[in-house]
Protein chains: 4
Amino acid sequence: MGACQRVCNFDQDDVVTSHPRPTVLTVDASDRPGLVALLASAIAEANGNIVDLGQHTDVDSARFAARIEIAPGADLDRLKEQLSSETAVASFAWALHDPAHRQRIVVACSRQLHCASDLLARIDLGELQGEVVGLVSDQLDGEALANRYGLPFSYVPVGDDREDQEQRFAAAVEAMRPDLVVLARYMRILPAWLTNKYEHAMINVHHSFLPAFVGANPYRRAFERGVKMVGATAHYVTAELDAGPIIAQDVTRVTHGDTVEDVVRRGADIERAVFIRAIRLHTEHRIQVFGNKTCIFD
Amino acid sequence: MGACQRVCNFDQDDVVTSHPRPTVLTVDASDRPGLVALLASAIAEANGNIVDLGQHTDVDSARFAARIEIAPGADLDRLKEQLSSETAVASFAWALHDPAHRQRIVVACSRQLHCASDLLARIDLGELQGEVVGLVSDQLDGEALANRYGLPFSYVPVGDDREDQEQRFAAAVEAMRPDLVVLARYMRILPAWLTNKYEHAMINVHHSFLPAFVGANPYRRAFERGVKMVGATAHYVTAELDAGPIIAQDVTRVTHGDTVEDVVRRGADIERAVFIRAIRLHTEHRIQVFGNKTCIFD
Amino acid sequence: MGACQRVCNFDQDDVVTSHPRPTVLTVDASDRPGLVALLASAIAEANGNIVDLGQHTDVDSARFAARIEIAPGADLDRLKEQLSSETAVASFAWALHDPAHRQRIVVACSRQLHCASDLLARIDLGELQGEVVGLVSDQLDGEALANRYGLPFSYVPVGDDREDQEQRFAAAVEAMRPDLVVLARYMRILPAWLTNKYEHAMINVHHSFLPAFVGANPYRRAFERGVKMVGATAHYVTAELDAGPIIAQDVTRVTHGDTVEDVVRRGADIERAVFIRAIRLHTEHRIQVFGNKTCIFD
Amino acid sequence: MGACQRVCNFDQDDVVTSHPRPTVLTVDASDRPGLVALLASAIAEANGNIVDLGQHTDVDSARFAARIEIAPGADLDRLKEQLSSETAVASFAWALHDPAHRQRIVVACSRQLHCASDLLARIDLGELQGEVVGLVSDQLDGEALANRYGLPFSYVPVGDDREDQEQRFAAAVEAMRPDLVVLARYMRILPAWLTNKYEHAMINVHHSFLPAFVGANPYRRAFERGVKMVGATAHYVTAELDAGPIIAQDVTRVTHGDTVEDVVRRGADIERAVFIRAIRLHTEHRIQVFGNKTCIFD
């Protein structure tokens with residue numbers, strides 16, 4: 001390397017002018033011919049330009065899903081009017097997502113804090129389109145983490161009355177008016193009335209490659225089985241444990257030299273990865289749910 | 001496992017009724033508002049139902065690309081007519097791809113036969129939508145492979161006159177009327193007049209993670225540098241060596257214990273993978289080229 | 001690229017002088033202090049030079065495993081004598097593996113031939129240290145494949161008597177005197193008397209990421225669950241279905257756009273990969289079994 | 001899921017009793033027969049039990065490297081004495097690493113803080129065997145991060161005199177008596193006198209899959225080339241830019257839909273991963289350097 005490089009510094013390295021973010025239109029409907037034409041025509045009439053479009057029809061269930069990015073400059077009021085008109089309302093569900101909106105995220109955690117910690121660090125770095133508005137926990141372990149980022153911490157311990165704790169937990173979450181609730185290794189099973197309330201708005205990370213090792217102690221069970229990879233799964237929470245629509249999965253290699261501690265540590269990296277990926281996909285309106293499956297437009 | 005499982009066999013395992021394959025419409029255009037509406041309306045008017053749509057506009061170059069899957073049953077003649085009408089022709093390039101058509105593939109190879117061998121095996125297993133119509137080589141090594149599958153083998157050795165060999169090679173390829181030419185570790189650099197002839201219809205696999213290690217001996221150079229992963233790249237061939245639009249890349253781990261032979265062997269698996277992936281994407285009309293980049297609708 | 005590169009060809013590309021292969025010593029023992037010293041001293045006294053050594057003790061079960069590569073030139077007779085001496089025999093199991101020996105492999109298959117096909121192609125390309133000595137199948141589908149490579153094909157159809165077929169299958173395998181039997185999507189469950197006979201010498205590939213989806217139709221079940229990755233597992237066969245010591249696992253991504261056929265096709269690539277990897281590890285004496293787990297020295 | 005699971009919580013999930021950590025002996029030597037025997041005998045005489053041993057000889061350079069884990073309970077003083085004896089000292093370099101020792105790590109950073117942030121979070125979570133003793137930066141951006149974890153922050157801005165800044169930077173690092181210096185996207189090229197001082201004790205993360213895209217703006221250049229994956233590389237720093245011994249590399253997929261910002265964001269995840277992996281390998285004494293390559297015992 002010559003003298004030139006010695007005197008340079010890289011401060012400008014990869015610094016880029018951000019493109020203005022598009023508005024996102026999502027559509028969920030029963031499939032019928034002409035739906036793309038209807039949507040695209042409405043956008044064209046509102047002087048909108050489509051810059052990215054993902055559409056998929058599930059042939060078996062006849063469900064239609066689309067995610068459409070519209071360049072800045074469209075007449076969004078006119079588009080809304082058009083989409084809201086009688087006919088449209090009758091046949092499909094749609095939403096227009098303002099790119100400036102930052103979703104309000106509530107984090108529930110217990111003792112294992114790596115997922116919560118990674119999320120808070122990334123929000124702080126500006127890597128995600130959302131803001132964490134508070135932590136809720138049945139344990140005190142997360143308090144220092146919340147303090148580090150100047151966030152409210154709501155401690156909801158378990159006493160003799162399980163249902164009472166569930167009510168207090170729900171109230172603490174609700175008080176923060178979340179757009180999205182994330183279970184960052186919150187280790188209590190939630191009642192159906194609560195999971196139903198946050199349908200498709202509550203994400204859990206499970207520390208196995210589902211459907212292997214549903215339930216408790218997945219790493220120990222993986223270790224005992226002698227698997228060569230362990231994984232993690234992020235999914236929307238439903239009333240049935242670890243059975244909701246899967247959003248993201250990944251795995252990592254383990255070896256014969258790994259102790260259970262090593263397996264836990266390797267797996268934790270995958271938990272973080274799928275957890276963050278699921279939150280990103282959700283906040284960017286890239287997920288649509290068909291029954292118990294997800295469509296991911298990525 | 002109980003008695004039930006002992007007596008079962010798995011012959012029906014995962015056997016599935018194939019869905020009828022959709023017709024694919026691909027579009028390449030200068031971007032302008034209303035293009036998706038125009039396309040979708042034309043399809044709707046032809047009683048076509050869109051089951052999967054990928055569309056992307058490259059904002060910097062203002063290029064529009066789309067790949068649209070249309071369910072069986074549309075009036076394709078009417079759609080063609082519509083798309084061919086004066087206005088349409090003026091503003092964009094399009095193609096309708098018959099799902100029953102199997103592309104004719106010519107394989108060029110030299111001494112390393114793993115990519116050619118894998119392609120022939122997969123075509124034989126019915127895994128790809130194409131047929132190999134012949135092999136062309138500057139070496140005799142591939143002849144037994146061609147014979148094994150009952151395919152013509154065209155031997156085009158190099159003599160004193162490089163250009164003469166290039167002419168004979170081109171003639172041998174041309175005689176087989178290929179839709180697609182694949183360079184399966186064919187180790188001669190092709191002249192621009194030939195690569196231009198097969199623009200976006202000739203795929204090469206290079207045995208490195210481009211742009212690292214352009215040119216000869218990439219594995220040895222990777223070994224000497226002490227890298228921890230080696231890769232491979234499949235790309236459309238252009239006049240400039242190893243510089244055409246990249247279709248697929250992948251890497252694999254190497255370790256300090258690996259000799260150069262081991263690195264070559266590990267890399268060969270990645271070459272196969274990206275080579276086959278690129279051919280699949282091409283034959284399924286999932287690739288569009290924007291300048292020196294590819295759009296992959298996968 | 002300049003004129004120089006135009007006139008070159010790459011025929012010498014990455015061609016390497018093979019290093020002479022080392023002799024491999026494998027050791028399986030109850031752990032006790034001094035075992036490495038004993039082994040290394042015996043090798044040193046036989047003028048052997050260790051070029052690569054992997055050793056691991058499973059603390060929970062107190063089992064010791066080692067794989068030692070000894071450079072060419074050692075006095076192997078003397079080493080054997082030393083290792084065989086009274087004391088040594090008493091305390092551990094060992095084997096010296098001649099690098100020139102090519103293991104005899106019998107391939108069992110049914111209708112899905114991708115794993116068998118890939119193995120035969122790779123053996124033909126010289127990528128593995130073994131030779132296939134024949135195919136055995138309960139179906140006729142594999143006959144053309146066997147013929148393509150000039151290999152014996154033993155057809156053992158299923159009639160009314162399941163046990164009779166098992167006996168004929170076992171006899172057909174045994175007649176080929178295998179060092180290793182590989183179940184390349186052979187879709188019948190084997191009786192315990194047969195799996196016991198080939199303990200740690202019979203490898204199966206199962207088309208899921210075990211322990212998820214044990215048994216039949218794993219891809220369909222994965223599809224229905226909406227997983228985002230599917231995998232495959234290669235393992236030694238034991239009497240319990242899909243429950244033997246795992247050798248290799250891997251996964252690949254699937255998307256919402258994939259039909260069951262697509263999932264089957266994507267999974268097939270992973271089946272091939274783990275199947276070939278397991279055979280490579282076995283033929284290079286890189287696997288040792290501790291109870292129901294494997295130690296992989298790779 | 002039944003009532004049982006509703007009332008359980010998972011607080012004990014995967015909680016494990018830590019195994020006592022072994023002492024690690026590392027050896028670097030010119031290869032000669034009998035070295036393993038010598039080492040293993042010395043350990044046996046000190047009543048040490050080897051629980052994991054990795055050894056490799058690079059045949060081309062005749063260098064020998066070993067990493068040996070010795071179970072708690074050995075007479076380490078006696079082992080040191082033995083290894084230090086005249087003969088031993090003459091022929092090889094060795095070190096015994098106390099498992100209780102936590103290495104002192106100094107973090108250098110500039111404006112991009114994701115690598116530094118991830119390291120601090122993981123140290124805080126107890127995931128690594130080391131402690132961060134301070135941050136040094138040519139920019140003020142990292143100060144809030146240092147404060148968040150209660151760590152000293154040393155601001156060493158660049159003025160007119162490049163060499164003066166280098167001296168102040170070196171002094172700030174030195175004052176913290178580091179065992180290891182990590183360049184967490186520190187964007188200034190260091191002079192040879194400084195990189196030589198921390199030979200094999202200074203780790204850099206470069207935001208490309210080296211040797212592709214050495215130097216500035218690798219993501220922009222990758223984006224412009226149209227690659228389908230971007231990577232990152234962690235390596236020991238030497239006097240030549242981005243050319244030191246590689247410790248860890250990885251890649252991630254990018255798509256045609258990604259802007260440069262997206263590529264930067266995806267790459268940042270890989271930077272974190274290889275950076276943390278390299279620090280883990282270093283602090284666990286799993287790396288040995290042979291010339292410009294590393295041996296990784298993992």
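# Chains, sheets and helices

Q: How many helices and strands are there in chain A?
A: Chain A has 10 helices and 13 strands. The labels come from DSSP runs: H or I over at least four residues makes a helix, E over at least two makes a strand, and numbering starts at the N terminus. The model is predicted, with local features requiring pLDDT of at least 70 and side-chain atom pairs pLDDT 80 or more, while totals for chains, interfaces and linings take in all residues. Residues are numbered from 1 along each chain as its sequence is written, chains are lettered from A, and ligands are numbered from 1, both in the order in which they are written.

Q: What does the C-alpha trace of chain A span along its principal axes?
A: The spans are about 70 × 60 × 40 Å.

Q: Why is A:H285 called partly exposed?
A: A:H285 has 19 other C-beta atoms within 10 Å. A buried residue has 20 or more such neighbours and an exposed one 12 or fewer, with C-beta atoms placed from the backbone; partly exposed is what lies in between. The count of 19 lies in between, so A:H285 is partly exposed. By the buried cut-off, 48% of the 298 residues in chain A are buried.

Q: What makes phi of A:H285 stand out, and where does the residue lie?
A: Phi is near 60° at A:H285, a positive value in a residue other than glycine. Most residues other than glycine have a negative phi. A:H285 sits in the loop between helix 10 (260-283) and strand 12 (287-290) of chain A. In chain C, C:H285 also has phi near 60°. C:H285 lies in the loop between helix 10 (260-283) and strand 12 (287-290) of chain C.

Q: How do you know that the peptide bond from A:L210 to A:P211 is cis?
A: Omega of this bond is near 10°. Most peptide bonds are trans. A:P211 is in the loop between strand 9 (202-206) and helix 9 (218-225) of chain A. The bond from B:L210 to B:P211 is cis too, with omega near 10°.

Q: What is B:A184 in contact with, leaving aside its neighbours within four places in sequence?
A: Its partners include B:V107, B:A108, B:C115, B:L119, B:V205 and B:F275. Contact is a matter of distance: the C-beta atoms, placed from the backbone, lie within 7 Å.

Q: Which residues touch the most other members of the largest nonpolar core?
A: They are A:A184, B:A184, C:A184 and D:A184, in a core of 362 residues. Such a core holds buried Ala, Val, Leu, Ile, Met, Phe, Trp, Tyr and Cys residues joined through C-beta atoms within 7 Å.

Q: Which strands join chain C to chain D, and over how many bridges?
A: Strand 2 (residues 50-58) of chain C and strand 2 of chain D are joined by five bridges and run antiparallel. C:H56 has D:D52 as its bridge partner in strand 2 of chain D. In terms of contacts, 19 residues of chain D meet 19 residues of chain C. Strand 2 of chain D gives the largest share of its side, eight residues. By class, that side has nine nonpolar, nine polar and one charged residues. The charged class is Asp, Glu, Lys and Arg; Ala, Val, Leu, Ile, Met, Phe, Trp, Tyr, Cys and Pro are nonpolar, and the others, Gly among them, are polar.

Q: At what angle do helix 2 (residues 35-45) and helix 3 (residues 76-84) of chain B cross?
A: Their axes cross at roughly 145° and come within 8 Å. Axes are lines fitted to C-alpha atoms, for helices over the stretch in contact, and angles between N-to-C directions run from 0 to 180 degrees. B:A42, B:I43 and B:E45 in helix 2 of chain B meet B:L79, B:Q82 and B:L83 in helix 3 of chain B. These residues divide into four nonpolar, one polar and one charged.

Technical notes:
Contact = placed C-beta atoms within 7 Å. Pairing = 2+ DSSP bridges.
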